[in-house]
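Reader: I'm new to reading protein structures. Could you walk me through a few features, one at a time?
Author: Happy to; let's open the structure together.

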Amino acid sequence: MKFVQLYHKFLQKYKYVVLILWLIILSFGIWLGPRTLSNTKLVFDSPKGSPSAIAEEIFVSEFPDRESESNIIILIKNNEQQSVINQEVNETVKEIISSLDDFEYNEIIESTQDYFTLIKLGFLDLANELVSNDGYSLITVIEYLNASKTQIQALQKFLENEIEKSEINKEKYYIGLTGSDILILDIEKGTKHDLARMDTVVLPIALIVLALVLRSFRLMIIPIFSMILSTFTSFLIMLPISLSINVISFAPSVMMSCVIAMSIDYSLFLLTRYREEILKGKDVSTAVALMSEHAGHTIIVSGLTLAICFMGLIFFPMDLLQSIGIGASIAVIITIIANLSITPSLLLIFQKFFSDFFLAKKIAEKRNKKKDITVKDKESIELEKQLKSIWYKISKFSTKYSVFIILVVLIAAIPISIQVVKLKHTVDTNQVFPRDMPSVQTYNMLLEEFDPGVIFPYYIIIQGPEENSVFNQTFFNVAQQLIESINASLHLPYENILSIFTQPNGIPIPYIYALQFLDSNSSLYYSNEAELYRIAFQRYVNPSNSSAIIQINTPFDPFASEEFVKQVRTFLNDFSSNLTSSDYKFYLAGGISTIVDSIDKVYELFPIMIVVTIIIVYVLIALMFGSVFVPLRLLFTIALTLSWIYGFAVLIFELNIVDWLFEPLRTVDAMYWITPIMAFSILVGLGLDYDIFLLSRISEYRKKGYTETASIHKGVYRTGPIISAAGVIMAIAFSGLMLSKEMVLNQFGFMLCFAVIVDTFVIRTILVPAIMSLAQKWNWWPTKLPKEEKDDLFFGDEF
């Protein structure tokens, strides 16, 4: 209380300074904050010390150019199921490739591969790899090197314009672009589209609900202003972080959802308390002080607990989770600071404007009609309102039939909660890529017609003992033996294994021939085969000729090959141990090896995160309420909510019980691997938010001498409408994620929306009062509280 008084005096004295400082910060946020959106990425680093991290480090050091190498694939498909090997397609491909000479950044273009040129050069086997088995589709590969994001975007736009200008029959042929970089750029576009949808659809609806609750359009100015401040300030602070670590593409969407939800929640807690005190006849300064003391205290505890839960993600050794944890923590902390500083400052600066709202006038009119209204009359009016309140009736029912309610809730939860044991994850990229994006549609066509591994290939690195090891006969023998074993043990076709050691049909390239292909004095040097071999040698051998790579283009979706990564690593360990020489080392890079190691590390640390979160929550809540029982009861209800949410998520995203309602669910059989981890922290925080708000009001009444049961009744009566409104608003805010084109955000949004609804209308409104009514005096043990003297019909200290 002393701190609140000092803080209130500070705001009274420096309220204009606070407003000016926030306006300065806002101006910088509007200027620089949006740049954070352009710095997001889909890629992330491997966990330190993991097999993929070691392999990637060697790959980058030995093959520096390959790390910055990427490609764009042009897919041409005949919609009439006829051959694409014809003059019309030939001319179109020829025109597109020749137009690259006019591309403003043509220096980044490293090479092109198309069917018709390879046929002309006599490379029939290579050419056939660019045509589907049925002959209805054809791909052209444009490889580029050391390209910036701007250059990639320019290349994509240039190719799209060239395709548009081409005279090929667009109704007969489908022509699309795809590639790893284009897919990532489309994810960024999807993120911006999601944020725009939140701003234009979700946010207005949430604000309308808030206006209905506050019953004052004047007060609505404050949460809108606070939300704008929090959003741009959060993105402004995130900007330097996005320049130092990889920020995952959907982190801004999570930040925006947190800002919208928390801003509205905190504004609701603050302004409803302010409005309540004003309508009791308090002056503005006193109302603001009481608002800061009670609602402000709740916001600080619940908000900081939520931020700490998010910070738990920072301790995962992955940029992906760290960026979400940092971003969400920043969003919550900035929202707390903004609401607790700008809200009271505005109320103190514009006192008459924000206190003279409609209901206040209505009450004043009633007072004028009945000039001699007494405190007793006010108590009678308030008592009548309480007795008619649905929330008061619910609390009475919950405390009267507490055992019955607890049993019913538990029995209803069991069949849903047990589904959690079926929870599984996937690395299916279709859950990350925005639906309906052209590059994603093209990528899915590629999966059906070609070896999808061409976009995300795997690399087996063979590291020799010294420079020029590749020119050693033993190196060739080891590599050829390895390729033969890959074909036999891993059942990979030879045409999917690219190297300088074997031909596409698996026939080994004799060591002596390889040397002649590279020797300018040899008669074979000037043959087409030798020219092609030298191109391959430059791609698959490092500059010091000490290491070589074998490229594997999986015949299946590389993002559906989690088990494949583990099989290859086991295979390489066995192969290495069976060699007579220990001079050669083998590593697996590329594909989804980084994701596989990340999954293993994250799920290894997840139980630790749960334990740490439990300890933090218990300690903070125990200190806040001076109780041993309250944090235990709170952890139980949060665990119940979590089991419900994860159980329902399994039913919807794995067992597909509502796939008839939402078509994209028909292709989903598991949740994206990051969603359960990412959702945990915020689900815990949401459970804390409303529970602390309810408990704070119950505790406030109990400290005034009300009985345990009366404190529960009056606490639910006062907070029930606010918690319900906050829950509806929060659900609306998070529903923006469910409108996303990315399945991973749909899953995340569903879990958050459903958690809010369950928590608001079942756990906090019904179950918590029932449990607390059973616990009675043990709720606050060991804290000593005033004697229980007042029942729930007493209103003597309200006015």
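Reader: Which residue lies over the face of Phe353?
Author: A charge sits over a ring if NZ of Lys or CZ of Arg is within 6 Å of the ring centre and within 35 degrees of the ring normal. Here Arg218 takes that place over Phe353, at 4.9 Å from the ring centre. Another such case is Arg534, which lies over the face of Tyr525 at 3.8 Å from the ring centre.

Reader: Where do these values come from?
Author: This is a predicted model, in which local features need pLDDT of at least 70 and side-chain atom pairs count only at pLDDT 80 or more, while totals for chains, interfaces and linings use all residues. Residues are numbered from 1 along each chain as its sequence is written, and side-chain values use heavy atoms, with hydrogens and water left out.

Reader: How is a pair of aromatic rings described?
Author: By the distance of the centres and the angle of the planes. Rings of Phe, Tyr and Trp (its six-membered ring) pair if their centres lie within 6.5 Å; planes under 30 degrees apart count as stacked, over 60 as edge-to-face and the rest as tilted. Searching the whole structure gives 35 aromatic pairs. One of them joins Phe350 and Phe354, with 6.3 Å from centre to centre and 80° between the planes, so this pair is edge-to-face. Tyr672 and Trp673 make a tilted pair, at 6.3 Å centre to centre and 50° between the planes. There is also an aromatic cluster formed by Phe471, Tyr513, Phe517, Tyr533 and Phe537.

Reader: Is Phe354 buried or exposed?
Author: Buried means under 20% relative accessible area, exposed over 50%, and partly exposed in between (1.4 Å probe, protein chains only). Phe354 has 3%, so Phe354 is buried.

Reader: What share of the residues of the protein count as buried?
Author: By that same cut-off, 58% of the 799 residues.

Reader: Where is Ile224 found?
Author: In helix 9, which covers residues 221–244. Helices (H or I, at least four residues) and strands (E, at least two) are DSSP runs, numbered from the N terminus. The protein comes to 27 helices and 12 strands. Ile224 has 34% relative accessibility, so it counts as partly exposed. From Ile224 to Ser263 there are 39 residues in sequence and 8.5 Å in space, C-alpha to C-alpha.
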